[in-house]
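Please look at the sequence and the model below.

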Amino acid sequence: MEIKRVVITGLGAVTPVGNTVPLMWDSVVNGRSGAAPITLFDASKFKTQFACEVKDFNPNEFIDAKSARKMDRFSQLAVCSAGEALRDCGIDLETEDRNRIGCVYGVGVGGLKGYEDEIMYYAQNIEDGPRFSPFFIPRMIPDICVGHISIMYGLRGPNFVTAAACASSSVALIDAMNLIRLGKADVMVAGGSEAAVNISGIGGFGAMKAISTRNDDPEHASRPFSKSRDGFVLGEGSATLILEEYEHAIRRGAHIYAELAGGGLSADAYHITAPDPDGAGALRVMKLALDDAGISPSEVDYINVHGTSTPLGDVAEVRAIQNLFGDHAYDLNISSTKSMTGHLLGGAGALEAVISALAIEHGIVPPTINHADDDIDENIDNKLNFTFNAAQHRDIRVAISNTFGFGGHNASVVLKKM
């Protein structure tokens, strides 16, 4: 069977550092943090009182009010980023076979706020008997976001959601890529979405001691690879990539950002929340992705790392990079854009793939911000180029985007300059 090539022809993003792709890209290139005190609920009694929220988001600018009320925030974000990506790719859906256009998203948590609201309402009114909204389940279930997108645009191809914790949307990209490779679809709307900045999200991650408590300095709280890091900063948002079969894109004269050349999946099989300290699963997934793309480690120029700013995760990923790339590791640019966007959980992989595609397009490596020269973790090799604090210009031929999730789920995607 002929394996078809897959290219990226459209991008969309609603993020803590910008509600469109151009605004988001300008922020990450210039090292602006999206972290600030929480406004979506009263967090004054929580150990962590800040997050990377999407700001000034009005779903009614893109979705009619009646439809928006039926959606949890994660679905609203997904619909909006998908709309931007479809506009960006310039496809005329009226002339396309929409039986061959599908939608796959990664969602790690889903409608947590809707679930929380219904249970709290029930608990507060228990004496009156159970009263639940008929939209409770349709708002909450993770797959509903792609249901909304498919209905809105009449997309009748493959339609589902992947769940692999923080690796979810990278898995979605790989699934969408393979559907096109195998001739099951011509175009896929692929991405991720998450909206967990709420009582349950902050409370749950806080109880695990997974998130930073640097309430006095939120903007500088996410500091990957730094000795003083104390956990990740929870973010929310959505990102979408339009994946298209190469010949289909060429026939319609589409702008191509990059080729989605390969993907890899692996499991640590080690611990429910902690990574394998030797980074064995991370090494294996990067190698699988490169093998799938037919690319050698020496051809890679940039890695957008998972880099969450957790004490264990950062060290394990760097070990994996050094063990896989050897001496070439010192020629790589490495950066964690979570230092600016926060950690979008299931949406992280899609956003970081968008950023990687733009890095290839513009020849710019976004920085890892919030680093002081005297604050490198002693377990991390300071001779590696982590692109600290300022973007760097570089001709990027090949980029890898890594995402790793609770449960030991690992996913890597390889993007290639056309």
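T337 lies in the loop between strand 10 and helix 12 (338-341); helices (H or I, at least four residues) and strands (E, at least two) are DSSP runs, numbered from the N terminus. The model is predicted, so local features need pLDDT of at least 70 and side-chain atom pairs count only at pLDDT 80 or more, while totals for chains, interfaces and linings use all residues. Residues are numbered from 1 along each chain as its sequence is written, and side-chain values use heavy atoms, with hydrogens and water left out.

T337 is buried, at a relative accessible area of 0% (buried means under 20%, exposed over 50%, partly exposed in between, with a 1.4 Å probe and protein chains only). Apart from neighbours within four places in sequence, T337 is in contact with Y302, N304, E352, I355 and P366 (contact means heavy atoms within 4.5 Å).

Strand 9 (residues 302-304) runs parallel to strand 10, joined to it by 3 bridges; two strands pair if DSSP finds at least two bridges between them. N304 stands opposite S335 in strand 10.

These strands belong to an open sheet of 10 strands with mixed pairing, in the order 5-4-6-7-1-8-14-13-9-10. Its edges are strand 5 (159-162) and strand 10 (333-335), each of which pairs on one side only.

Helix 3 (residues 73-89) lies across strand 1 (6-14), strand 4 (101-106), strand 6 (187-194) and strand 7 (237-245), at about 130° to strand 1. Axes are lines fitted to C-alpha atoms, for helices over the stretch in contact, and angles run from 0 to 180 degrees between N-to-C directions.
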